[in-house]
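Please look at the sequence and the structure below, and keep both at hand while reading.

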Amino acid sequence: MANLFAGLENLGLGGLDSKEVFKEEKKEEKKDEKHELTKEEKEAREEDFIFDKSYTCPVCDKEFTSKMVRTGKVRLVGADDDLRPIYQDVDSLKYDAVMCPRCGYSALNRYFNFVMSAQAKAIKENISANFTYHPEEGKIYNYDDAILRHKMALACTVVKKGKNSEKAYTCLKLGWLCRGKRELLMQGDDSLKEEIKALAEEEKECLENAFTGFKEAFSKEDFPMCGMDQHTMTFLLAELAYRTGHVDDAKLYCSKVLTARDANSRIKNKAIDLKEKIQAK
C-alpha cells in the first residue's frame with residue numbers, strides 16, 4: 001500500500017502515515033479526447049496562463065506568493081468519469097494547493113483562509129516546527145511540485161483535524177494529479193514502466209481514501225459539499241467505489257442517482273453509463 005505522504009520527508013516531515021488520514025473518524029464509529037502535448041510544448045505554453053498571486057498566511061501572518069492559473073484563460077475540453085476536469089494546454093489541477101513557504105501551512109485554495117486558532121496552533125507545533133523548504137525552480141509547477149504541495153495540504157488537513165470532506169477532496173485531487181503525471185509519462189518510452197505502475201497504485205490509494213472520506217462526510221456534513229450538490233456527490237461516490245473495487249457500494253450509490261426525481265439529466269446519464277459498466281464487469 002502506497003504512503004500518501006511519501007516525499008514529505010524532504011520538507012522535514014518524515015514519519016507521517018497515510019493510515020492516519022481517516023483514523024479519527026473510524027474510532028468514532030466503534031475523456032473526451034484531449035490534446036496531447038510534448039513536455040516541452042506543454043511547459044512553453046503553460047507559462048502564458050500562470051501568474052503569482054499574493055497571500056497572507058492565516059497561521060504565521062507572513063505574505064507570500066503562489067502560482068495560479070489566470071481565470072478564464074484555460075479552456076475545459078472534457079472530463080474523466082470520476083469528474084476530473086481536463087483543460088487544453090495546462091493542467092489547472094496542479095495549481096490548486098497553496099503552501100506558505102515560511103511555516104508550511106498548506107491547503108486547497110478554497111480552504112486556505114479558513115483556520116481557527118486551535119488549528120493554527122496545531123499546525124505550528126506539528127508542521128512548522130520541522131518544516132524545511134527550498135522554493136520550486138521555474139515559471140510553472142511540474143507534476144512533482146504539484147503532488148508534493150497537495151501532500152502537504154493533506155498533512156495539514158489531518159493535523160488541524162479538518163472535515164472529512166476536505167481531506168477526501170484533497171485525496172481526490174492528489175489522485176487526479178498522479179493520473180495526470182502517469183498520462184504524461186505514458187507518452188514516453190518503455191523505460192518508465194515501473195514509475196507508471198507506481199503512479200497507478202498511488203492514484204488508487206488516493207481514490208480509496210477519497211471514497212472513505214466522502215462516504216463519512218455524506219451523512220454528517222451539509223450540501224453543497226466541495227462545490228457539489230448531493231446528487232453529484234452521490235454519483236462521485238458510485239464512480240469512486242467502482243474504481244476501487246467496492247462493487248456493492250457502486251451499485252447502491254448508482255441506484256440512488258437513478259431513482260432521484262430531482263437529479264439532473266447529465267448526472268443521470270453518467271449513472272446510466274456507470275451502471276452498464278458495472279453490469280458488464
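Cysteine 226 counts as buried, because its relative accessibility is 9% and the limit for a buried residue is under 20%. In this predicted model, cysteine 226 sits in the loop between helix 6 and helix 7, and its backbone has a phi near 55°, which is a positive value in a residue other than glycine. The loop between helix 6, residues 193-218, and helix 7 also holds proline 224. Proline 224 is joined to phenylalanine 223 by a cis peptide bond, with an omega of about 0°.

A positive phi is also found at aspartate 89, where the angle is about 80° although the residue is not a glycine. Aspartate 89 belongs to the loop between strand 4, residues 85-88, and strand 5, residues 97-99. With a relative accessible area of 13%, aspartate 89 is buried, since that value falls under the 20% cut-off.

From the loop that holds cysteine 226, the reader can turn to helix 7, which covers residues 230-243 and includes phenylalanine 235. Is phenylalanine 235 buried or exposed? Its relative accessible area is 2%, so phenylalanine 235 is buried. If its neighbours within four places in sequence are left aside, phenylalanine 235 is in contact with Asp81, Leu83, Val257, Ile267, Lys270, Ala271 and Leu274. For a sense of distance, the C-alpha atom of phenylalanine 235 is separated by 14 Å from that of arginine 261, a residue 26 places away along the chain.

The next step is to see how helix 7 packs. In general, two packed helices are described by the angle between their axes and the distance between the axes. For helix 7 and helix 9, the latter being residues 265-280, the axes come within 10 Å and cross at roughly 20°. Helix 7 is therefore roughly parallel to helix 9, because angles under 35 degrees count as roughly parallel. The crossing in which helix 7 passes helix 9 is left-handed.

Which residues make the contact between helix 7 and helix 9? On the side of helix 7 they are His231, Thr232, Phe235, Ala238, Glu239 and Tyr242, while helix 9 contributes Arg266, Ile267, Lys270, Ala271, Leu274, Lys277 and Ile278.

Key
Residues are numbered from 1 along each chain as its sequence is written. This is a predicted model: local features need pLDDT of at least 70, side-chain atom pairs count only at pLDDT 80 or more; totals for chains, interfaces and linings use all residues. Side-chain values use heavy atoms; hydrogens and water are left out. Helices (H or I, at least four residues) and strands (E, at least two) are DSSP runs, numbered from the N terminus. Buried means under 20% relative accessible area, exposed over 50%, partly exposed in between (1.4 Å probe, protein chains only). Contact means heavy atoms within 4.5 Å. Axes are lines fitted to C-alpha atoms, for helices over the stretch in contact, and angles run from 0 to 180 degrees between N-to-C directions. Angles under 35 degrees count as roughly parallel, over 145 as roughly antiparallel, 65 to 115 as roughly perpendicular and the rest as oblique. A crossing is left-handed if the near helix is turned anticlockwise from the far one by less than a right angle, and right-handed if clockwise.
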